[in-house]
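Here is a short briefing to read beside the structure. The points are grouped by topic.

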Amino acid sequence: MNKIRDSYKDYSENILYGGLLGCRGDAYSSKDALSIEESYKFHRNQTMQFEKENIDFLFAGIMPEINEAIGMAQAMSDTEIVLKNTHTTSGKDFPLVVCDSILLKLYS
């Protein structure tokens, strides 16, 4: 991915890569939703992979149930990705706001 970004030369500093986290299973049904602990373990595997790839930001997809959303938010908050600003070589900051994970962390 960095090769693609770098191919845009001067514009490359404006390109950010995001990592999408989604629920396990049907996003429109809470029938088989994960517990907070199960969700944390499941989504922590995802966030660890995104950290290894130096993703610029994380975002959450549709979540069918609050417990899975809380576990996901906890996994996201364990990374350096969620609350960081991305700095470019031009000195511009891209503030990253992950409202869902921040709000959900308040409830966990």
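**Briefing**

H43 touches L21, G22, C23, M63, E68, M72 and A75, leaving out residues up to four places away in sequence. The model is predicted. The protein has 108 residues, and 31% of them count as buried. The points below start with the overall fold, then turn to individual residues and pairs.

**Overall layout**

- The protein contains four helices and four strands.
- Read from the N terminus, the elements follow the order α-β-α-β-α-β-β-α.
- Consider the contacts in the protein with a separation of 6 or more: 71% of them join residues 24 or more positions apart.
- The protein exposes about 7000 Å². Carbon and sulfur atoms supply 54% of that area.

**H43 in helix α2**

- H43 sits in helix α2.
- Is H43 buried or exposed? H43 is buried, because its relative accessible area is 0% and buried means under 20%.
- The H43 side chain makes a polar contact with the side chain of Q46, at 2.7 Å.
- Among the residues that H43 touches are L21, G22, M63 and M72. M72 also touches L21, G22 and M63.

- M72 belongs to helix α3, which spans residues 66–77.
- M72 counts as buried, at 2% relative accessibility.
- Which residues form the largest nonpolar core? It has five: L21, L58, M72, M76 and I81.
- In soluble globular proteins, nonpolar side chains tend to be buried together.
- Beyond its neighbours within four places in sequence, M72 is in contact with L21, G22, S39, H43, A60 and M63. One of these, L21, is also a member of the core.
- M72 and Y40 are 32 residues apart along the chain. Their C-alpha atoms are separated by 5.5 Å.

**R5 in helix α1**

- R5 is found in helix α1, residues 2–6.
- R5 is buried, with a relative accessible area of 13%. That value is under the 20% cut-off, so R5 counts as buried.
- The R5 side chain reaches the backbone oxygen of I15 at 2.7 Å.
- Not counting residues up to four places away in sequence, R5 touches S12, I15, L16, Y17 and D56.

**Salt bridges**

- How many salt bridges does a search of the whole structure find? The search finds three.
- Side chains of opposite charge can pair when their charged atoms come close.
- R5 and D56 meet through their side chains in a salt bridge, 3.0 Å from N to O. This pair links distant parts of the chain, 51 residues apart. R5 is in helix α1, while D56 is in the loop between α2 (36–52) and β2 (57–60).
- Both partners, R5 and D56, are buried.
- K41 forms a salt bridge with E37, and their closest N and O atoms are 3.2 Å apart. K41 and E37 are separated by about one helical turn, because they are four residues apart in helix α2.
- E37 is exposed, because its relative accessible area is 54% and exposed means over 50%.
- R44 forms a salt bridge with E51, with the closest N and O atoms 3.7 Å apart.
- R44 is buried, with a relative accessible area of 17%. E51 counts as partly exposed, at 27% relative accessibility.

**Nonpolar surface patch**

- Which residues make a nonpolar surface patch of about 370 Å²? I4, Y8 and Y11 make it.
- I4 is placed in helix α1. R5 is found in helix α1 too.
- I4 counts as exposed, at 54% relative accessibility, whereas R5 is buried at 13%.

Notes
Residues numbered from 1 in each chain as written. Predicted model: local features only at pLDDT ≥ 70, side-chain atom pairs only at ≥ 80, totals over all residues. Heavy atoms only, no water. Helix = DSSP H or I, 4+ residues; strand = E, 2+ residues; numbered from the N terminus. Buried < 20%, exposed > 50% of the residue type's maximum accessible area, 1.4 Å probe, protein only. Polar contact = N/O pair within 3.5 Å; in protein donor to acceptor, adjacent residues only side chain to side chain. Contact = heavy atoms within 4.5 Å. Patch = residues over 30% accessible without salt bridge, like charges linked within 9 Å, V, L, I, M, F, W, Y side chains within 5 Å. Areas by Shrake-Rupley, 256 points an atom, 1.4 Å probe, with all protein chains shown as cover. Salt bridge = Lys/Arg side-chain N within 4 Å of Asp/Glu carboxyl O. Core = buried A, V, L, I, M, F, W, Y, C linked by side-chain atoms within 4.5 Å.
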